[in-house]
Amino acid sequence: MINSKCLRVASACRLLCCCVVTGVVSVLCATTSLAYGVNLPARRVIFKHAYKGYDCPENRLSHTEYMQMSGRAGRAGIDTVGEAVLIE
């Protein structure tokens, strides 16, 4: 049995995806948690810093986490390149 909260989250995610794909939403700002759950291509991925939450060494993004999130850069069939920018 699927609970109603899961259905609401799934519906919101589908709505967000439709808005981005159709151009209604052109910029999406996300936390690391949301970035994992959103399966959308992007021309450019910008990281404010390389930390999850607070700027302390134990919260630094791992190589795998960085690659997962920056891998969204470059839209297949649309862009020849994608950009990942780290501002620190």
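Visitor: Where is the place of proline 41?

Guide: Proline 41 sits in the loop between H2 and E1. Helices and strands here are DSSP runs, numbered from the N terminus (helices: H or I, at least four residues; strands: E, at least two). The model is a predicted one, in which local features need pLDDT of at least 70 and side-chain atom pairs count only at pLDDT 80 or more, while totals for chains, interfaces and linings use all residues. Residues are numbered from 1 along each chain as its sequence is written, and side-chain values use heavy atoms, with hydrogens and water left out.

Visitor: Why is proline 41 called partly exposed?

Guide: Its relative accessible area is 46%. Buried means under 20%, exposed over 50%, and partly exposed in between, with a 1.4 Å probe and protein chains only. The value of 46% falls in between, so proline 41 is partly exposed.

Visitor: With which residues is proline 41 in contact?

Guide: Apart from neighbours within four places in sequence, proline 41 is in contact with Arg72 and Arg75; contact means heavy atoms within 4.5 Å. Proline 41 and glycine 74 are 33 residues apart in sequence, yet 6.6 Å apart from C-alpha to C-alpha.

Visitor: Which elements does the protein have, and how do they run from the N terminus?

Guide: The protein has three helices and two strands. Their order from the N terminus is α-α-β-α-β.

Visitor: What is the predictor's confidence in the protein?

Guide: The mean pLDDT, which is the predictor's confidence in each residue from 0 to 100, is 75, and 75% of the residues reach 70 or more.

Visitor: What makes cysteine 18 and cysteine 19 buried or partly exposed?

Guide: Cysteine 18 has 47% relative accessibility and so counts as partly exposed, whereas cysteine 19, at 19%, counts as buried.

Visitor: How is leucine 16 classed, buried or partly exposed?

Guide: Leucine 16, found in helix H1 (residues 4-22), has a relative accessible area of 21% and is therefore partly exposed.

Visitor: What makes the buried residues of H3 line one face?

Guide: Helix H3 (residues 63-70) has the buried residues Glu65, Met69 and Ser70. Seen down the axis of H3, these fall within an arc of 120°, so they line one face of the helix; the arc is that of the directions from the helix axis to the C-beta atoms. An α-helix has 3.6 residues a turn, so residues three or four places apart point the same way. The face of H3 turned away from the buried side carries the exposed residues His63 and Thr64.

Visitor: Why is glutamate 65 called buried?

Guide: Glutamate 65 has a relative accessible area of 16%, so it is buried. Its side chain reaches the backbone nitrogen of serine 62 at 2.7 Å.

Visitor: What makes up the largest nonpolar core?

Guide: A nonpolar core is a set of buried Ala, Val, Leu, Ile, Met, Phe, Trp, Tyr and Cys residues joined through side-chain atoms within 4.5 Å. The largest has five residues: Val45, Phe47, Leu61, Met69 and Ala73. Leaving aside neighbours within four places in sequence, valine 45 has contacts that include Met69, Ala73 and Val85.

Visitor: How do you know that alanine 50 is buried?

Guide: Alanine 50 lies in the loop between strand E1 (44-47) and H3. The relative accessible area of alanine 50 is 8%, so alanine 50 is buried. Not counting residues up to four places away in sequence, alanine 50 touches Asn59, Arg60, Leu61, Leu86 and Glu88.

Visitor: Why does glycine 71 count as exposed?

Guide: Glycine 71, in the loop between H3 and E2, is at 53% relative accessibility and therefore counts as exposed. Of the 88 residues of the protein, 16% count as buried.

How values were computed. A polar contact is a pair of N or O atoms within 3.5 Å; within protein, one must be able to donate a hydrogen and the other to accept it, and residues adjacent in sequence count only if both atoms are side-chain atoms.
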